[in-house]
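Please read the following report alongside the sequence and the coordinates.

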Amino acid sequence: MTAVRILLVTGSTRSASTNTAALRTAQACAPPGVIATLHDALAALPAFNPDHDHEPLPGPVAVLRAEIASNDALVFCTPEYAGALPGSFKNLLDWTVGGTQLSGKPVAWLNVAAPGRGEHAVASLRGVLGYVTATILDDCCIRVGVGHDALGPDGLVRDPDVRARLAQVLADVATHVRSR
Ligand SMILES: Cc1cc2nc3c(=O)[nH]c(=O)nc-3n(C[C@H](O)[C@H](O)[C@H](O)COP(=O)(O)O)c2cc1C
């Protein structure tokens, strides 16, 4: 069985980020046949400027686009800032518009905010991913609360049920990829 490659993209630049921790946990719990890679260079991206959206691309942008191209699917996890996507994460998404790598690419997201929170960020993410014609896997988009006290000393989510749900998302995304 060929491995399915899934790129995990965090929307947080914070070192102790719960969103990044959820993705790292998913990576650590990835089921057999899934290779999960975390894109962890969000803060390295320059501010999007259409004047610079051509070859040679800024290094971090070239890396981002190459990672998207070389993975079969993406899973996002982002906090909400001021009722919207964090600016740095929207900046990452803006850099994907000029490439075609996300077009048709299967994508999903995790919402790890507390109940009732983060919905504006998710709605905005859906809009942007629709704009770049990614294939949104609605069945794989889940809400699973990950609070600041949910992480163990290794920085990963401790709760075995949450860990299982995160692993299941990767399994479900992989199933979609294999069925295409
Ligand atoms: C500047 C700022 C604005 C925020 N605005 C919102 C918001 O509009 N809605 C919300 O649900 N949470 C909001 N939050 C809370 C963050 O989403 C929350 O702290 C989250 O855990 C941050 O994600 P991280 O742990 O991955 O860094 C805000 C936090 C900050 C720092």
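In this predicted model, helix α4 runs over residues 119-131, and because its 13 residues at 1.5 Å a residue should span 18 Å, the separation of 18 Å between its end C-alpha atoms agrees with expectation. The buried residues of this helix are A121, V122, L125, V128 and L129. They lie on the same side of α4, because the arc they cover around the axis is only 125 degrees. An α-helix has 3.6 residues a turn, so residues three or four places apart point the same way. On the face turned away from that buried side, α4 carries the exposed residues H120 and Y131. The elements against which the buried residues of α4 pack are β3 (73-77), α3 (87-97), β4 (106-111) and β5 (135-136).

Just after α4 comes T133, with a positive phi of about 55 degrees. T133 belongs to the loop between α4 and β5, and it counts as partly exposed because its relative accessibility is 44%. A positive phi, near 50 degrees, is also found at A82, a residue other than glycine. A82 is part of the loop between β3 and α3 and, at 85% relative accessibility, counts as exposed. A further backbone feature is the cis peptide bond that joins E55 and P56, with omega at about -10 degrees; P56 itself is located in the loop between β2 (34-39) and α2 (59-70).

Which residues come nearest to the ligand? Of the 13 residues around the ligand, these are R14, S17, T18, N19 and G83.

| Residue | Protein atom | Ligand atom | Distance |
|---|---|---|---|
| E80 | N or O atom in the side chain | nitrogen | 2.9 Å |
| G83 | polar backbone atom | oxygen | 2.7 Å |
| H148 | polar side-chain atom | oxygen | 3.3 Å |

On its own the ligand has 630 Å² of accessible area, of which the protein covers 63%.

Two buried loop residues can be described next. S12 is situated in the loop between β1 and α1 (18-28), and its relative accessibility of 6% places it among the buried residues, for which the cut-off is under 20%. The side chain of S12 reaches the backbone nitrogen of R14 at 3.1 Å, and R14 is one of the residues that come nearest to the ligand. Neighbours within four places in sequence being left aside, S12 is in contact with S17, T20, L42 and P79.

T78, for its part, is in the loop between β3 and α3, and it is buried, with a relative accessible area of 9%. With neighbours within four places in sequence again left aside, the contacts of T78 are G11, N19, L85, P86, F89, L110 and A121. Among them, A121 is one of the buried residues of α4, while N19 is among the residues that come nearest to the ligand.

I6 is found in strand β1 (residues 4-10) and, having 0% relative accessibility, counts as buried. Residues up to four places away in sequence not being counted, I6 touches V34, I35, A36, T37, N71, A73, L74, V75, L170, V173 and A174. The C-alpha atoms of I6 and Q27, which are 21 residues apart along the chain, are separated by 9.3 Å.

Note on methods. Residues are numbered from 1 along each chain as its sequence is written. This is a predicted model: local features need pLDDT of at least 70, side-chain atom pairs count only at pLDDT 80 or more; totals for chains, interfaces and linings use all residues. Side-chain values use heavy atoms; hydrogens and water are left out. Helices (H or I, at least four residues) and strands (E, at least two) are DSSP runs, numbered from the N terminus. Buried means under 20% relative accessible area, exposed over 50%, partly exposed in between (1.4 Å probe, protein chains only). Contact means heavy atoms within 4.5 Å. The expected span of a helix is 1.5 Å times one less than its number of residues. The arc is that of the directions from the helix axis to the C-beta atoms. A residue is near a molecule or strand if one of its heavy atoms lies within 4 Å of it. A polar contact is a pair of N or O atoms within 3.5 Å; within protein, one must be able to donate a hydrogen and the other to accept it, and residues adjacent in sequence count only if both atoms are side-chain atoms. Accessible areas come from the Shrake-Rupley method with a 1.4 Å probe; for residues, only the protein chains shown count as cover.
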